[in-house]
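Biologist: Hi! Could we go through this model together? I'd like to start with the ligand site.
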Amino acid sequence: MVRHYPISLNLKNKQVVIVGGGFIAERKLRKLLEAEADITVISPEINAGIQRFVTEGQVKWKKKCFSEEDLSKAFLIVAATNVQHVNRQVSEACNEQQLINIVDDPARSNFIVPSTLRRGKLVISVSTGGASPGLAKKIVAELSREYDDSYDAYLEFLTDCRTKIQEEITDLTVRKEVFQKLLDPAFLRLTKEGSLKEREVLFRQLL
Ligand SMILES: C[C@@]1(CC(=O)O)C2=NC(=C\c3[nH]c(c(CCC(=O)O)c3CC(=O)O)Cc3[nH]c(c(CC(=O)O)c3CCC(=O)O)/C=C3\N/C(=C\2)[C@@H](CCC(=O)O)[C@]3(C)CC(=O)O)/[C@H]1CCC(=O)O
Ligand SMILES: NC(=O)c1ccc[n+]([C@@H]2O[C@H](COP(=O)([O-])OP(=O)(O)OC[C@H]3O[C@@H](n4cnc5c(N)ncnc54)[C@H](O)[C@@H]3O)[C@@H](O)[C@H]2O)c1
């Protein structure tokens, strides 16, 4: 059994190659675009969703079947065709330094993609190690009720507070205690209620 190592990648302006232009390629592409990757799709045909990104200039498209040289500059590769031997060919053409995800073959992939919930800076990722992507999605749906939209503003508040605490408290032991107190549920509650003045008063008491 593979024990995967979870990681959050910075893909901004990194060269990404997606082989295939169908439903799964589009799903992968949307998340890679959110990460501001520099994406090229290799496929003789692309669906309407991908076509829109190409027309808007957000994604490059090479209208062709896959060949080895398509991978030469890629940092990260997704093999997402519906032809098993083509996906296998992609896995064999990449080098050891490249990140590769083969959508129908987790064993030949050196990374797999978790299901994710985003609330601003908060990211919750769930993976089942390929056992059941459907379950990963279901767990994320469950967590999305507990970690609702208010977490976006709450994380912004925590970011600001962290900067202030780092500026104003130099003693590391005291700082650690204050960070702990900042996690008091009252701050989340006041964020949800929109009681920002009260929240600020409570925060000032910590400093
Ligand atoms: C999380 C998510 C992220 C994403 O893709 O962006 C993702 N799959 C999602 C959905 C989903 N995938 C499948 C179903 C149908 C129900 C079911 O089968 O359970 C559903 C549910 C649905 O679509 O609703 C079928 C499926 N998936 C894989 C295979 C091939 C195989 O296992 O061999 C087959 C069979 C294909 C066939 O039948 O031939 C393989 C992988 N899918 C993974 C990720 C990786 C493992 C993640 C983990 O560890 O859990 C891994 C190993 C590789 C990878 O793709 O990275 C995304 C949820 C997005 C969201 O949260 O909205
Ligand atoms: N990882 C996952 O989450 C997941 C989920 C469901 C299915 N799958 C797998 O994903 C595969 C793709 O599914 P889909 O729904 O996107 O299929 P699809 O039929 O919508 O798309 C397949 C794409 O592959 C392209 N293609 C075919 N031959 C090619 C070649 N030689 N070079 C480049 N591109 C080529 C086609 O032009 C098409 O755009 C399925 O076969 C299935 O095994 C994976």
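Predicted model: local features only at pLDDT ≥ 70, side-chain atom pairs only at ≥ 80, totals over all residues.
Biologist: Thanks. Which residues come nearest to ligand 2?
Modeller: There are 20 residues around ligand 2, and Gly21, Ile24, Arg27, Ser43 and Phe66 come nearest.
Biologist: And what classes make up that shell?
Modeller: Eleven residues of the shell around ligand 2 are nonpolar, six are polar and three are charged.
Biologist: Which helix gives the most to the shell?
Modeller: That would be helix H1, covering residues 23-34, which contributes three residues to the shell around ligand 2.
Biologist: Now the polar contacts. What lies 3.0 Å from an oxygen atom of ligand 2?
Modeller: A backbone N or O atom of Gly21 does. A polar backbone atom of Ile24 is 2.8 Å from an oxygen atom of ligand 2, and for Glu45 a polar backbone atom is 3.2 Å from an oxygen atom of the ligand.
Biologist: How much of ligand 2 does the protein bury?
Modeller: Taken alone, ligand 2 exposes 880 Å², and the protein buries 68% of that.
Biologist: Switching topic: what pLDDT does the chain average?
Modeller: The chain averages a pLDDT of 97, and 100% of the residues score at least 70.
Biologist: Great, thanks for the tour!

Notes. Residues numbered from 1 in each chain as written. Chains lettered and ligands numbered in written order. Heavy atoms only, no water. Near = heavy atom within 4 Å. Polar contact = N/O pair within 3.5 Å; in protein donor to acceptor, adjacent residues only side chain to side chain. Areas by Shrake-Rupley, 256 points an atom, 1.4 Å probe, with all protein chains shown as cover. Helix = DSSP H or I, 4+ residues; strand = E, 2+ residues; numbered from the N terminus. Nonpolar A, V, L, I, M, F, W, Y, C, P; charged D, E, K, R; others polar. pLDDT = per-residue confidence, 0-100.
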